[in-house]
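Hi,

Here is the structure I promised to hand over.

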Amino acid sequence: MTQLDGVTKPKTKRSKRFLESRAPKLTEDVKTAMIMKGGNANSTVTQALKDIYALKKPHAVLYKKKNITRPFEDSTSLEFFSKKSDCSLFLFGSHNKKRPNNIIFGRLFDFHVLDMIELGIEKYVSLREIKVSKCAQGTKPMLVFAGEAFDTDSEHKRLKSLLLDFFRGPTVPAVRLAGLEHVLHFTALEGKIYMRSYRSLLKKSGCRTPRIELEEIGPSFDLVLRRTHLASDDLYKLAHRQPKALKPKKKKNISHDAFGTKFGRVHMQKQDLSKLQTRKMKGLRKRKGEVVAEDQDGQASKVAKTDG
């Protein structure tokens with residue numbers, strides 16, 4: 001590939017396909033996450049990153065080597081790796097005396113860090129410690145957020161948006177009932193965030209609707225919120241902008257209420273009431289030979305026809 005005046009021109013068909021895959025699209029590809037550990041990550045952080053990678057597969061890249069970087073002080077290395085692997089999400093794990101068992105969730109916009117949130121692991125149960133059958137790889141999870149903080153606090157709101165981006169998976173047109181088997185539950189309570197992973201089991205209930213039971217499959221995290229780096233409102237709004245081609249077209253004379261009921265307004269022409277078909281009564285029937293005439297006062301009167 002050659003670069004002239006800031007425009008990269010491909011020399012081979014392979015490089016042309018590569019540039020086309022990286023070019024902007026109306027419907028973007030599934031967001032991929034890169035998962036990496038710092039230079040001093042311990043066994044707890046390393047195993048936690050592997051478990052989150054297992055939940056995110058196949059839309060994730062796991063870097064096994066240590067990367068000596070500090071995202072909150074210098075994010076250039078993260079931006080370089082994101083451009084190299086075409087990832088818009090990242091998870092970074094580290095450990096030190098000041099911030100033990102530390103993980104950072106973050107996302108990028110135009111290969112620059114948009115926002116990142118640092119969480120500390122206080123309690124952790126790995127996937128392999130819970131001896132039950134797991135969900136299949138690539139299962140789209142159902143995300144549940146419980147706690148008032150996710151609706152009121154600005155940092156928790158941004159964390160909720162970040163976790164939705166990280167775990168939501170691909171956009172699908174329809175979902176079958178048997179495919180709804182993985183549940184990720186996040187609870188914000190007393191300054192802590194509890195993450196639990198469940199598998200939904202469909203049991204016989206004696207009727208058409210099955211009885212649902214939840215079985216914990218791991219991993220399990222008790223997290224505490226630490227440092228945050230949030231984008232400004234203008235940049236955050238710019239990152240969420242949609243192209244005009246994807247925006248739904250507004251339909252005229254159609255509205256919806258708070259419950260989603262659809263209402264339509266119908267416009268009709270002015271109706272001529274003289275031609276309105278009414279109920280036929282015997283007393284209102286016209287006699288043979290009668291003609292309806294109008295008087296000078298404008299009132300209708302009946303005139304009977306006579307012979308001669």
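**Strands and their pairing**

Tyr194 has Asp222 in S12 as its bridge partner. Before going further, please note that this is a predicted model, where local features need pLDDT of at least 70, side-chain atom pairs count only at pLDDT 80 or more, and totals for chains, interfaces and linings use all residues. Residues are numbered from 1 along each chain as its sequence is written, and side-chain values use heavy atoms, with hydrogens and water left out.

Strand S10 (residues 192-203) pairs with S12 in the antiparallel sense, over four bridges. (Two strands pair if DSSP finds at least two bridges between them; helices, H or I with at least four residues, and strands, E with at least two, are DSSP runs numbered from the N terminus.) S12 (residues 220-229) is also antiparallel to S7, with eight bridges between them. In that pairing, Val125 stands opposite Ser220 of S12.

**Salt bridges**

A salt bridge here is a side-chain nitrogen of Lys or Arg within 4 Å of a carboxyl oxygen of Asp or Glu. How many salt bridges does a search of the whole structure find? There are twelve.

One of them is formed by Glu118 and Arg227, with 2.9 Å between the closest N and O atoms. This pair links distant parts of the chain, with Glu118 in strand S7 and Arg227 in strand S12, 109 residues apart. On burial, the classes are buried (under 20% relative accessible area), exposed (over 50%) and partly exposed (in between), with a 1.4 Å probe and protein chains only. Glu118 is buried because its relative accessible area is 1%, whereas Arg227, at 30%, is partly exposed.

Arg70 and Glu73 form another salt bridge, their closest N and O atoms being 3.7 Å apart, and both residues are exposed. Asp151 and Lys160 meet at 4.0 Å, N to O. Asp151 counts as exposed because its relative accessibility is 53%, while Lys160 is partly exposed at 25%. There is also a network, in which salt bridges that share partners join Lys31, Arg107, Asp115, Arg158 and Asp165.

**Backbone points to check**

Most residues other than glycine have a negative phi, and most peptide bonds are trans. Where are the cis peptide bonds? One joins Lys57 and Pro58, with omega about 5 degrees; Pro58 sits in the loop between helix H2 (43-56) and strand S4 (60-66). Another joins Gly218 and Pro219, with omega about 0 degrees, and Pro219 is in the loop between strand S11 (211-216) and S12.

Asp86 has a positive phi, near 55 degrees, in the loop between helix H3 (76-85) and strand S5 (89-94). Phe111 also has a positive phi, about 60 degrees, although it is not a glycine; Phe111 lies in the loop between strand S6 (102-109) and S7. Asp86 is partly exposed at 33% relative accessibility, and Phe111 is partly exposed at 29%.

**A positive patch**

Finally, the surface: Lys50, Lys64, Arg128, Lys131 and Lys134 form a positive patch. (Patches are made of residues with over 30% relative accessible area and no salt bridge, with like charges joined within 9 Å and nonpolar side chains, Val, Leu, Ile, Met, Phe, Trp and Tyr, within 5 Å.) Lys134 is in the loop between strand S7 (112-125) and strand S8 (142-146), and is partly exposed at 33% relative accessibility.

Best wishes

Technical notes:
Accessible areas come from the Shrake-Rupley method with a 1.4 Å probe; for residues, only the protein chains shown count as cover. Lys and Arg count as positive and Asp and Glu as negative; His and the chain ends are not counted. The place of a charge is taken as NZ of Lys, CZ of Arg, CG of Asp or CD of Glu.
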